[in-house]
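Dear colleague,

I am handing over the structure we talked about, and below it you will find notes on what was found in it. Please keep the model open while you read.

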Amino acid sequence: MKTISLILVSMLLLLSNKGMAAYEPSPKEIIVAGRVVNMGKDSQKVIRIDFTDVFAFPTKAQIVGDDGSFRITYLAPYPAQFHIEYGRSIPLYAEPGDSVFVTIDAKKIEGHDYLNAVISSGDRANINNSLWKGLNYISASLRAEYYGEEPSDTLSVPEYNQILEQKISVFRNSISNFVHVNNIPRETEEMIQRILTYEFSNFWVKNYKYSDYSPAASAEKVKLFENRIFETYNPANFKYGIFWHNHTFNYASALFHQYAGEDYHNNEDLKGWIKVREALKEKPAGFNRDYITARVMRYFSEPADSLPGAWELISSPFVKEYIIRTQNQAMPKFDSIDIPGISYLTASRTVEPVSPVDFIRNLSDRYPGKVIHIDVWGTWCGACKDQFPAAKLRKEEMRGKDVVFVYLCISSEMELWLKDVEAFQLEGEHYFLDRDASKLFTANYHIDAYPRYMIVGKDGKVKNNNTLRPVAKEFFTREIESYLYE
């Protein structure tokens with residue numbers, strides 16, 4: 001097994017060396033169009049697309065036409081795998097300038113015949129049709145079998161890496177066998193292999209000493225994220241979607257806490273920045289280091305111009321423009337849209353429909369003169385539920401102040417929603433969004449990960465669509481109180 005792992009690492013290093021050439025995005029519009037067929041009275045009416053652009057995280061939703069048609073465009077900076085949300089998560093791949101057409105069978109997509117529910121045509125059709133079937137095979141057959149129980153985080157980094165490499169090797173061999181039997185294109189196989197490799201980063205490596213942010217524990221995490229099997233500094237990996245993004249996000253977080261975390265919490269930001277800057281200088285230069293540096297910089301309150309030597313680390317004009325844009329970016333102006341499919345849980349625990357309205361404006365009208373904290377959660381979201389105890393404490397601390405706590409349950413079953421509200425004894429205002437309403441709301445307010453928390457000011461405007469979790473006590477309370485006195 002050890003020999004297989006070493007061979008696998010060597011193969012990945014060869015692939016990595018091919019992809020290390022200078023890289024710079026060249027944005028072009030992609031078109032994703034299609035039609036939903038065999039729609040019934042209860043079929044979903046909304047298509048949502050999560051474009052995997054780590055520089056913007058765009059999510060778009062659209063009510064399909066009377067004939068089931070839809071057409072959504074996006075200015076894509078680089079090739080990437082992304083998802084359509086309709087009944088299931090439908091993976092697609094496109095490169096800048098592509099036009100992709102997708103036919104979705106509404107009856108089949110939620111049934112046993114779902115593998116035959118999606119047909120892609122247009123650009124990358126061969127990849128997209130095989131990607132749909134390949135990733136569903138992984139979901140149905142491999143995840144439970146090969147993930148298993150995570151290694152103990154008492155293991156040393158070399159021991160943990162050895163188990164990780166062995167596990168991924170077995171995983172990749174199984175995928176190769178499936179690909180051979182089903183005549184899946186080589187390019188699709190590579191994509192499936194890499195996507196699932198990053199799932200191990202997201203679930204195993206991320207959870208190594210999960211709640212320990214000390215410099216020593218963070219240094220060990222950095223070594224795991226830098227395992228050669230992940231090719232962290234290969235720009236070709238940007239096309240592998242959300243799991244690649246999560247890998248680099250978690251890696252940047254570990255770098256920050258290894259070198260700068262303690263100084264940051266002691267209000268010595270610049271001292272911490274200089275330490276992490278020197279560490280970044282030792283990493284392979286190129287587009288990936290530029291992006292990882294940009295991620296690390298976002299932990300600091302100072303703009304890039306105030307971080308000594310920051311621009312010396314950035315070689316890509318695209319990344320430099322991204323840094324400038326995001327540090328100067330005010331809260332975007334969200335569209336005012338009337339959303340059907342919202343329900344409200346009354347004090348007597350009955351469920352009442354809410355007329356199709358602009359939800360944020362409706363909250364402001366319902367709770368005038370209040371700061372509104374919105375917890376966007378789902379019954380399927382364990383991380384959301386992990387925050388409930390801390391949220392309860394924050395509410396007690398804010399009791400008597402002009403703050404309303406709203407729970408907004410999305411993409412869930414109503415029966416499970418009602419059970420969870422009672423089981424967790426969630427005090428506050430409760431709203432439920434059906435599947436179509438969930439897609440419209442999350443796309444309009446740029447919500448792409450959970451748990452998610454929003455703050456609406458007394459003036460009825462969204463002040464922050466991605467505020468800190470309740471467990472971050474001081475920061476959480478400080479931000480809410482800042483809006484109380486505006």
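To begin with a cysteine that stands apart from the bond described next, the sulfur of C409 lies 9.0 Å from the closest cysteine sulfur, which belongs to C384, and that is too far for a bond, since a disulfide is defined as a pair of cysteine sulfur atoms within 2.5 Å. C409 has 0% relative accessibility and therefore counts as buried, where buried means under 20% relative accessible area, exposed means over 50% and partly exposed lies in between, all with a 1.4 Å probe and protein chains only.

Before going further, please note that this is a predicted model, in which local features need pLDDT of at least 70 and side-chain atom pairs count only at pLDDT 80 or more, while totals for chains, interfaces and linings use all residues. Residues are numbered from 1 along each chain as its sequence is written, and side-chain values use heavy atoms, with hydrogens and water left out.

A search of the whole structure finds one disulfide, and this bond joins C381 to C384 with an S to S distance of 2.2 Å. The link of C381 and C384 is right-handed, with 80° about the S-S bond, and both of these cysteines are buried.

How are two packed helices described? The description uses the angle between their axes and the distance between the axes. Helix α4 (residues 157–182) and helix α6 (residues 215–225) pack at an angle of about 30°, with their axes 10 Å apart; helices here are DSSP runs (H or I, at least four residues), numbered from the N terminus, and axes are lines fitted to C-alpha atoms over the stretch in contact, with angles from 0 to 180 degrees between N-to-C directions. The helices α4 and α6 are therefore roughly parallel to each other, a term for angles under 35 degrees.

Where they meet, V157, Y160 and N161 in α4 touch E220, K223 and L224 in α6, contact being heavy atoms within 4.5 Å. Among the buried residues of α6 are A217, V222 and F225, and what covers the buried residues of α6 includes α4, α5 (186–205) and α7.

Finally, F249 is found in helix α7 (residues 241–259) and is partly exposed, with a relative accessible area of 31%. Leaving aside its neighbours within four places in sequence, F249 is in contact with R295 and Y299.

With kind regards

Technical notes: Helices (H or I, at least four residues) and strands (E, at least two) are DSSP runs, numbered from the N terminus. Angles under 35 degrees count as roughly parallel, over 145 as roughly antiparallel, 65 to 115 as roughly perpendicular and the rest as oblique.
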